[in-house]
Amino acid sequence: MESALNPYSPGSGRRPFELAGRQSEIDAFDLLLAKTRQRRPDRGIVLHGLRGVGKTVLLNEFRRQAEHAGFMVVSLEGRDAEGGPKAIRAKLARNLLQAGRKLNRRGAGTRLVAALGSIASFSAKLGVTGIDIGVNLNHGRADSGSIEVDLEELIEDLCEALAENRSGLIFIIDEMQDLDDGLIAALLSAQHLANQREWPFYIAGAGLPNLPSVLAEARSYAERIFNYRSIGALTREAAEAALVVPASRHGARYVPQAKDLLLDASGGYPYFLQEYGYAAWETAPEKTVTVEDATVAVAIGQAQLDQGFFPSRWKRASNAEKAFLRLMAMDGDAGSSTSELARRAEKKQSSMTQTRSSLIEKGIIYAPALGTVAFTVPGMAEYVQRLSE
Ligand SMILES: Nc1ncnc2c1ncn2[C@@H]1O[C@H](COP(=O)(O)OP(=O)(O)OP(=O)(O)O)[C@@H](O)[C@H]1O
Ligand SMILES: [Mg+2]
């Protein structure tokens, strides 16, 4: 079929043609916005799940919803981290300045102008200059140099101004597990305080499956201040919609067995569905995708994954880490016991902790429970096995 019309979107954070199976998250976020406008308390939301399940896409959707509802939205990504914690704080300041600038329209109330001044002083303290948002510094607010105090003051000032218009402040944070401990703690305590004081401030965060435990380690009350949502593979029905709807909008269809073949190969994982759907579209000469087309598409789709999705993680591992991953791959995607891995390696468990934690830090594996590790990338175990063959 015509490549220019290919409706599938394999990649990172790319909005799919059909955002399937995520209505309950979208509704939950809509409810959060609606409650905030009614000045009723709610909880922030944290999405956690494996690579490629659609967390970033959902966060982008949340951003659209919040902007549409007239909220102030500030985005941040934990993995921007060239330059570490300082760079992330500077990025936060720049994004605040940018969002603040948009609010500084004619007729902005005095409260809002003062709150924007707090953004300016917060940013100046962090050494971020050069973005003029047309207000004076609010000296003595959000410029103590302690990130926890300053975030709190900044959020308080912004929320009081925004609440006057039944609006609020939303922080959209992707790859949240990669933020440094200091910033995570400051964000959580700001969220905690906001809940108590009824400031209209909410964090919508996303990250790997270890994110809830990262947050709980930073602040014991983290469990209580968020609505946690595990984002995983799509149900069969949703996966079918993700595959079939984009094609049908373009007058194309799948014969049932071709559809089943592609759905089975994808395991319902959004990224894989996009990759296989894309390959099927490119492969099929006619507007009906046959079993033969689908068979070829699975082979091409997998080759595509083997060239991009998987090696982008594999290549980041050192030799010792690769050896560790090979041992893990024997257990498949379900995860491995660390004592069993040590036994296989004929090493002491303690000698492997360093490798284990650096792989966790790189976001390639995580610890689903005490004494176990699993891949953060669905299908990674099979990929590593294919490499060894
Ligand atoms: N609900 C969905 N239905 C269909 N396709 C989806 C859906 N959600 C995401 N996708 C597709 O899946 C792919 C991965 O999405 P996304 O980048 O949001 O995943 P992620 O969970 O953020 O992954 P990572 O952990 O690697 O950042 C994209 O190609 C996107 O178009
Ligand atoms: Mg993502």
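**Helix contacts and the ligand site**

Modeller: Glu153 is a residue of helix 5, which spans residues 147-163. Keep in mind that this is a predicted model.

Biologist: Leaving aside neighbours within four places in sequence, which residues is Glu153 in contact with?

Modeller: Contact here means heavy atoms within 4.5 Å. Sequence neighbours within four places are set aside for Glu153. The partners of Glu153 are then Gly140, Arg141 and Ala142.

Biologist: What distance separates the C-alpha atoms of Glu153 and Ile119?

Modeller: Along the chain, Glu153 and Ile119 are 34 residues apart.

Biologist: How are helix 10 and helix 12 oriented to each other, roughly parallel or roughly perpendicular?

Modeller: Helix 10 covers residues 256-266 and helix 12 covers residues 291-307. Their axes come within 8 Å and cross at roughly 15°. Angles under 35 degrees count as roughly parallel. Helix 10 is therefore, relative to helix 12, roughly parallel.

Biologist: Is the crossing of helix 10 and helix 12 left-handed or right-handed?

Modeller: The two helices cross at roughly 15°. The crossing of helix 10 and helix 12 is right-handed.

Biologist: How do the residues of the contact of helix 10 with helix 12 divide into nonpolar, polar and charged?

Modeller: Helix 10 contributes Gln257, Ala258, Leu261, Leu262 and Ala265. Helix 12 contributes Val291, Ala294, Thr295, Ala297 and Val298. The division is eight nonpolar, two polar and no charged.

Biologist: At what angle do helix 14 and helix 16 pack, and what does this make them?

Modeller: Helix 14 runs over residues 319-329 and helix 16 over residues 353-361. Their axes lie 10 Å apart, at an angle of about 90°. Angles of 65 to 115 degrees count as roughly perpendicular. The pair, helix 14 and helix 16, is therefore roughly perpendicular.

Biologist: How many residues of the contact of helix 14 with helix 16 are charged?

Modeller: Ala320, Glu321, Phe324 and Leu325 come from helix 14. Thr355, Arg356, Ser358 and Leu359 come from helix 16. Four of the contact residues are nonpolar and two are polar; the charged ones number two.

Biologist: Which residue has a polar side-chain atom 2.8 Å from an oxygen atom of ligand 1?

Modeller: Ligand 1 is surrounded by 25 residues, the closest being Ser9, Gly13, Arg14, Lys55 and Thr56. Ser9 places a backbone N or O atom 2.5 Å from a ligand oxygen. Gly52 has a polar backbone atom 2.8 Å from an oxygen atom of ligand 1. The residue with the polar side-chain atom at 2.8 Å is Lys55.

Definitions and conventions
Residues numbered from 1 in each chain as written. Chains lettered and ligands numbered in written order. Predicted model: local features only at pLDDT ≥ 70, side-chain atom pairs only at ≥ 80, totals over all residues. Heavy atoms only, no water. Axes fitted to C-alpha atoms, helices over the stretch in contact; angles between N-to-C directions. Helix = DSSP H or I, 4+ residues; strand = E, 2+ residues; numbered from the N terminus. Parallel < 35°, antiparallel > 145°, perpendicular 65-115°, else oblique. Left-handed = near helix turned anticlockwise from the far one by under 90°. Nonpolar A, V, L, I, M, F, W, Y, C, P; charged D, E, K, R; others polar. Near = heavy atom within 4 Å. Polar contact = N/O pair within 3.5 Å; in protein donor to acceptor, adjacent residues only side chain to side chain.
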